[in-house]
Structures are given as structure tokens and as C-alpha cells.
Amino acid sequence: MTLRDFRIGWRLLAREPAYSAIVIGSLALGYAVCFLLLGLVRYCSTYDSAVPDAARVFVLQHRVNLMPTPTWIEFMPLPFQDAARRSALTLQTSAAIPREVVLVAGQVSRRDEVTAVDAAFPAMFGLAALEGELDGALARPEGLVLTASLARQLFGAGPALHQSVAVGDATLRVMAVVADAPSNSTMPYSALVGRDSIIWSGAERAAARSRWQGLGGKIYLRLRDGVAAADMAAALQDAADQSPWKEMAPTPQDRQRIGHVIEVRLRSLPDAYFDTEVANGYRSGPRGERRVVLALGAVALLVLALAAANYLNLATVRTLRREREIGLRKAIGAGRAQLAGLLMAESTLVMLLAYAAGLLLAWLLLPLFAELVERRLEGVFAPASVAAGLLAALAIGAA
């Protein structure tokens, strides 16, 4: 293929605008649908991928078998964290305890969640300070960590570091600013404080740490190398069986019937988004089904394949009508390689034009599509995704 072949192909397409509009429009629609669906598949498949060594990080889940219909939930009684520490099977543990509050900064107030976390949380989830000192902020009772977007909402374009934020009767000081949590995360956060924060009293903190019947927050564990999740779950189950929960079953027959009064298990972060057993549970957040996501990927490729097959059929019919043109080119000395190069250049040009139009169409449809699937798909048009789509278009054109 040469630049001259592409110029000839462009003139041939311009000479037949109806044919060109049909093939480019159908391919553009196929590319747009494929790009959006594969973007959703990639978004769902990379949940919690920003967490370092996510396969070794687990979230605890429990269910109370005394309930008429026991369901698994990720919010745990906080004494489970102390039980995990005592087991010596973990490298790091952190609880994430959200509380909805009103943040007041000057004349600006905003209702949002403040999440209390342990000192291990930043390392476990790969947080780094954009401004300030993250570890110091979580160690100080008055320390507050804001995400970049929440800092802009509270302070506009001005500096957020060292500013005061009122939460009820407590006054916090912004000591660090971090990047926003990825939208495809099962552990979202807007503002962070330490576990000893002044936004609740010492009595409240002590009660939450010892209350077995309360839902304190999510508990995350990073296991030591060589430790199996089943061993950790067994240790926590022993702790649960010796807790005050053992007295909740009314009779010995009930205990024998239900087994464990409170049942515990671990779920690794890469599998957390696809855990449908906690979907629609208490503060579960969005969850997906792996089979549905894979089926959407197959549908995306099928739509593109159908669009390419439609172009192939139309191009074949058009080539049969161009026998006189092809014969004339042979008569003036064009060889098989030159004819093949011309046809390939024309096909590749069609694919590139269709891909550009499809990309524009996908960009226009993205807000509607994101609202339809209830996901924030801002990373769909990442340079790597656009480049991969361009290579696919070139490959289809050559094929």
C-alpha cells in the first residue's frame, strides 16, 4: 500500500457517497457499541485493581444464621479485627468505619461521609499524599484527609492544607490531600480520619471496639505469605463461636440446627465486585455478575463482527461491479500485488474513517450509557483503549 493507493481509495469513496455513507455509518455504529460495551467490561473487570497485591487483601463477611433468611454482609462487628490481629496470620489489618456528617468550611457546607481508618489503610490501599503528611493526619485526633475533589468543593481553587473544617461540635484540620478513590472500587471514600478522631467521643470508640452485636464497618486483612484464607477464616470462626453470639441461640436444638450462630468468611478483593451474595445488602454498593459481564463482552465482539460482515458483503458486490475498472488497470500494467494494495488501502481507509466516527459517537453516547448502567465510566477513553481500538480497526481493514 502506498499513499497514492489511499488517495485513489478516497476518490472512489467520494464518487459513491450513498455506498460510503452506508458502510462507514454501519461500521461506526458497530465500533461505538463495541467500544462502550468493552469499556464497561474492562471497568468491571478491574475493580479494586489499584490496590497493591490485591490478591492478598481480603474483606471480611458474616451472616447471622438466626435470621429467617440469612444474608452475607461486609459490615462487621469490630472485635473481629482484634481477633485477626491476635491470630498472627496477618501482615496488616484496617477497619473502615464510615459516618455521614455535615462538613462546614467557612460559608460552605456539604453532607458527605467521613471514614475512620487505621494507620495501615494508606499502605494497604496504595494511598499517597498529594499535599501534606498522610500518616500524621491519621495519627492526630484532629487530623483530616480530603480527596482532591472534596477539597475543591469545600475550598474552591484556594489551598486546602491546614484549613479548618467543622464537623458538629468538633473542629478538624486538613493535614493531607489525596487523589480521588477510583470509581471502580468497593471501598470508596471522600474524607478520612484516624480511629481516634475527635468526631466521636472516647466512650463511643471503646464501645464500638468491644460490641459484638453491632455493625461497626468493613474490615480488611492482608495475609502473610503462605497463609491460606481458609486458615484465617477458621481462626475468626473460632473467635465468633466463643463470643457473646454463642448465647443468642434459644435452645441447644437451635444451635445444632443452625450450626454457627454467626458465620464468617473471607473474600479476596479481586472477587469482591463479582460477589452477588452481598449485592443489595447493607451498604454493599454496586456489584456485578461475572457471567453477565463476559456475555456483554461477547455481544460487543459479535456486533462488530456483524458490522464487518455487512461491509464485506457490500464490498464484494461492489468489486464485482468494478470488473471493467480492474481489467483496465491490468491492461495498463497493474499486477496482482498493486491491485491487492489498492483494495486493501480502500478497505483500511473505510475502517479508519468508521473508527473515527464510531469513537466520536461513543464519546457522545457515553454520558447516557453511563447513566443507563449506573457506573462512572470516565476511564473508557484512556489512551491505551483508543490505541487498542485503532489497531483493531487496522487489523480488520487488512483482514
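Trainee: Which backbone oxygen does the side chain of His62 reach?
Mentor: This is a predicted model, where local features need pLDDT of at least 70 and side-chain atom pairs count only at pLDDT 80 or more, while totals for chains, interfaces and linings use all residues. Residues are numbered from 1 along each chain as its sequence is written, and side-chain values use heavy atoms, with hydrogens and water left out. His62 belongs to strand β1 (residues 57-64), a DSSP run of E of at least two residues. At 3.2 Å, its side chain reaches the backbone oxygen of Phe75.

Trainee: Is His62 buried or exposed?
Mentor: Contacts (heavy atoms within 4.5 Å) beyond four places in sequence link His62 to residues including Thr71, Met76, Leu215 and Val264. Its relative accessibility is 2%, and the cut-off is under 20% with a 1.4 Å probe. His62 therefore counts as buried.

Trainee: Which element gives the most to the lining of the largest pocket?
Mentor: The lining of the largest pocket has 32 residues, with Glu113, Ser185, Met187, Pro188 and Tyr189 nearest the centre. Two or more residues come from each of β3 (90-105), β4 (108-117) and α6 (148-155). With 4 residues, the element that gives the most is β4.

Technical notes. 1 Å grid on protein atoms, 1.4 Å probe; cavity = no way out; pocket = protein on both sides within 12 Å on 5 of 7 lines; lining within 4 Å. Buried < 20%, exposed > 50% of the residue type's maximum accessible area, 1.4 Å probe, protein only. Polar contact = N/O pair within 3.5 Å; in protein donor to acceptor, adjacent residues only side chain to side chain.
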